[in-house]
Amino acid sequence: MATIRLWFGRQNFCLLKKRSFLLLKLIAVVFAVLLFCEFLIYYVVIFRCNWPEVKTPAYDGKQETLDPVLKAMFLADTHLLGEVRGHWLDKLRREWQMERAFQTALWLLQPEVIFILGDIFDEGKWSSSQAWADDVKRFQKMFRHPQHVQLKVVAGNHDIGFHYQMNTYKIKRFEKVFNPERLFSWKGVNFVMVNSVALEGDSCNICSEAEAELIEISHKLNCSREQEHRSSRCGDGPPLPASAPVLVQHFPLYRRSDANCSGEDAAPADERDIPFKERYDVLSREASQKIIFDLRELPWKRRLWLEHEPSLLRCFLLSREWTVPALLRLHLQIFQV
């Protein structure tokens, strides 16, 4: 009997040992899958991205050399969910993905300046003061960055509302968190950041201020061309770099459709001729003409970075224009300017 009991005891011990080993293997596999899918996958994907080499002719005109460039990363439509329409599990999942994508890109690519092209929040247009403060706190945690990296943000319709919803309080609340700077220069490149929600053209107070700011920026950019023979109207302040400005805003300039647009993430062929709705999908024709008219004296070929459409497009209309996709789709666009 003692021998049988000992045998059964050994059998049970071996069976328990096998089950424990299988359980440990299962836990290890689950942990490895979670580690890869929720953390390492971002490094694997973003590691394949790199900054393009921009070559310019050397002064002797015989060889090409690398010119100093500004490494800029463009994001759009983060749409941090609020307390009204955001379920806690949905917010947890989305914000983890966006935070990991952003932080991984920040670590691997090391951009010098980051632009977020509006719709930072999903419910900024109606959120209470406490809800706004909570959303800002979450944003600052997700998009934390070193002090030497510049983070520039423009307002979108979900941040301050469409034209009929926005007011001075919402704009000031947004600008208190995000620098309201409209003209930003870095490494010889001028960025013009426009509140495109205010470009309604109906002469409201907010719209008039936005148009006046655009005219003042145009004046400063024109003065940057007069480095040697500056007129008295340019003042005594330090001149801006004499370089082509980059227009950054939330809404794309007016275009009838995506028919003249192309890109790796462009709309399907059967959707490119669908007409856009002015003041909703794109700026109105009048507002777009106003922007071009205010900058009419600038001879450079303009580069425009805009958002609000879900695809990365290159549209060759009056200027070279890119539309940046939403970060919710985990797209990070990196460029050297």
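This is a predicted model: local features need pLDDT of at least 70, side-chain atom pairs count only at pLDDT 80 or more; totals for chains, interfaces and linings use all residues.
1. Residues are numbered from 1 along each chain as its sequence is written, and side-chain values use heavy atoms, with hydrogens and water left out.

2. About 100 Å³ of space lies in this largest cavity, the volume being the space filled by probe spheres set on the points, which are joined across faces, edges and corners. Helix 5 (residues 168-177) gives the largest share of its lining, three residues; helices are DSSP runs of H or I with at least four residues, and strands are E runs of at least two, numbered from the N terminus. The lining divides into nine nonpolar, two polar and two charged residues, where Ala, Val, Leu, Ile, Met, Phe, Trp, Tyr, Cys and Pro count as nonpolar, Asp, Glu, Lys and Arg as charged, and the others, Gly among them, as polar.

3. The second largest cavity holds about 60 Å³ of space. Its lining consists of Arg 182, Met 193, Val 194, Asn 195, Ala 210, Glu 213, Leu 214 and Ile 217, with the largest share, four residues, coming from helix 6 (residues 205-224).

4. On to aromatic rings: the count comes to 17 pairs, a pair being rings of Phe, Tyr and Trp (its six-membered ring) with centres within 6.5 Å, stacked if the planes are under 30 degrees apart, edge-to-face if over 60 and tilted otherwise. Phe 115 and Phe 191 form a tilted pair, at 4.6 Å centre to centre and 40 degrees between the planes. Phe 115 lies in strand 4 (residues 113-116) and Phe 191 in strand 7 (residues 189-193), so this pair ties together parts 76 residues apart in sequence.

5. A word on confidence: pLDDT, the predictor's confidence in each residue from 0 to 100, averages 79 over the chain, and 76% of the residues score at least 70. Over residues 297-303 the pLDDT is below 50, yet the stretch has 26 contacts beyond near neighbours in sequence, a contact being heavy atoms within 4.5 Å.

Note on methods: On a 1 Å grid over the protein atoms alone, a cavity is a set of points where a 1.4 Å probe fits but cannot get out, and a pocket is an open set with protein on both sides within 12 Å along at least five of seven lines; lining residues have an atom within 4 Å of a point.
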